[in-house]
Amino acid sequence: MTINEKQDEIIDEFDLFEDQLDKTQYIIDLGKKLPPMPESAKTDENRIVGCQSKVWVDAEFKEDKLYFHGDSEPTAQISKGLVSLLIRVLSGEKPEDIANADLYFIPRVGMGNLITSLRAGGLASMIERMKAYGRAYSNQTV
């Protein structure tokens with residue numbers, strides 16, 4: 001699936017929920033399904049600056065694609081769900097596609113109504129980190 005196909009799938013999933021609380025619970029549930037990062041990867045270097053809680057994102061470059069790993073502290077369930085959504089959309093894609101991705105699913109699912117302004121700032125920081133990985137690896141080949 002392309003980045004846009006993954007985003008369209010997420011939009012369709014969120015459209016199944018009419019209530020904002022149900023959408024928020026869905027984000028939390030997605031976070032619970034995200035495999036935990038190894039403790040050794042939860043470093044200051046991988047920590048997302050600007051997040052209200054501790055969130056980590058790391059990337060692995062293999063076979064011309066970037067694969068993301070992420071996690072949050074246990075009490076930050078919504079943040080972990082947000083990381084999970086971004087990983088779902090961007091992981092396994094070519095770096096240049098990640099760097100140039102228009103993440104239109106965020107406004108389309110009404111994320112601004114689901115998360116606080118502090119979390120929105122953290123989400124923007126997560127996106128920027130993942131796109132920075134995309135830019136950094138854009139010129140590399142296996």
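## The largest cavity

Helix H7 (117–137) gives the largest share of the lining of the largest cavity, four residues. A cavity is a set of points, on a 1 Å grid over the protein atoms alone, where a 1.4 Å probe fits but cannot get out; lining residues have an atom within 4 Å of a point. This is a predicted model, in which local features need pLDDT of at least 70 and side-chain atom pairs count only at pLDDT 80 or more, while totals for chains, interfaces and linings use all residues. Residues are numbered from 1 along each chain as its sequence is written, and side-chain values use heavy atoms, with hydrogens and water left out.

The whole structure holds one cavity of 30 Å³ or more. About 40 Å³ of space lies in the largest cavity, a volume being the space filled by probe spheres set on the grid points, which are joined across faces, edges and corners. Its lining consists of Cys51, Gln52, Ser53, Ser79, Leu82, Leu118, Arg119, Gly122 and Met126. The elements that give two or more residues to this lining are H3 and H7.

## Helix H3

Helix H3 covers residues 77–90, and its 14 residues should span 20 Å at 1.5 Å a residue; the end C-alpha atoms are 20 Å apart, which agrees. The expected span is 1.5 Å times one less than the number of residues.

Because twelve of its 14 residues are buried, H3 is largely enclosed by the rest of the structure. Buried means under 20% relative accessible area, exposed over 50%, and partly exposed in between (1.4 Å probe, protein chains only). Among the buried residues of H3 are Ser79 and Leu82, which also line the largest cavity. Glycine 92 follows H3 and has a positive phi, near 85 degrees.

## Aromatic and charged contacts

Four aromatic pairs are found in the whole structure. Rings of Phe, Tyr and Trp (its six-membered ring) pair if their centres lie within 6.5 Å; planes under 30 degrees apart count as stacked, over 60 as edge-to-face and the rest as tilted. One of the pairs joins phenylalanine 14 and tyrosine 26 edge-to-face, at 5.4 Å centre to centre with 80 degrees between the planes. This pair links distant parts of the chain, with phenylalanine 14 in helix H1 (residues 3–15) and tyrosine 26 in helix H2 (residues 20–33), twelve residues apart. Both phenylalanine 14 and tyrosine 26 are buried.

Phenylalanine 17 and tyrosine 26 form a tilted pair, 5.2 Å centre to centre and 40 degrees between the planes. Phenylalanine 17 is partly exposed at 24% relative accessible area, whereas tyrosine 26 is buried at 17%. Phe14, Phe17 and Tyr26 form one aromatic cluster. Elsewhere, lysine 62 lies over the face of tyrosine 67, at 5.1 Å from the ring centre; a charge sits over a ring if NZ of Lys or CZ of Arg is within 6 Å of the ring centre and within 35 degrees of the ring normal.

## Residues far apart in sequence

Aspartate 12 lies in helix H1 and counts as exposed at 51% relative accessibility. Its C-alpha atom and that of phenylalanine 105, 93 residues apart along the chain, are separated by 9.8 Å.

Arginine 47 is in the loop between H2 and strand E1 (55–62) and counts as partly exposed at 29% relative accessibility. Arginine 47 and methionine 130 are 83 residues apart in sequence and 12 Å apart in space, C-alpha to C-alpha.

How values were computed: 1 Å grid on protein atoms, 1.4 Å probe; cavity = no way out; pocket = protein on both sides within 12 Å on 5 of 7 lines; lining within 4 Å.
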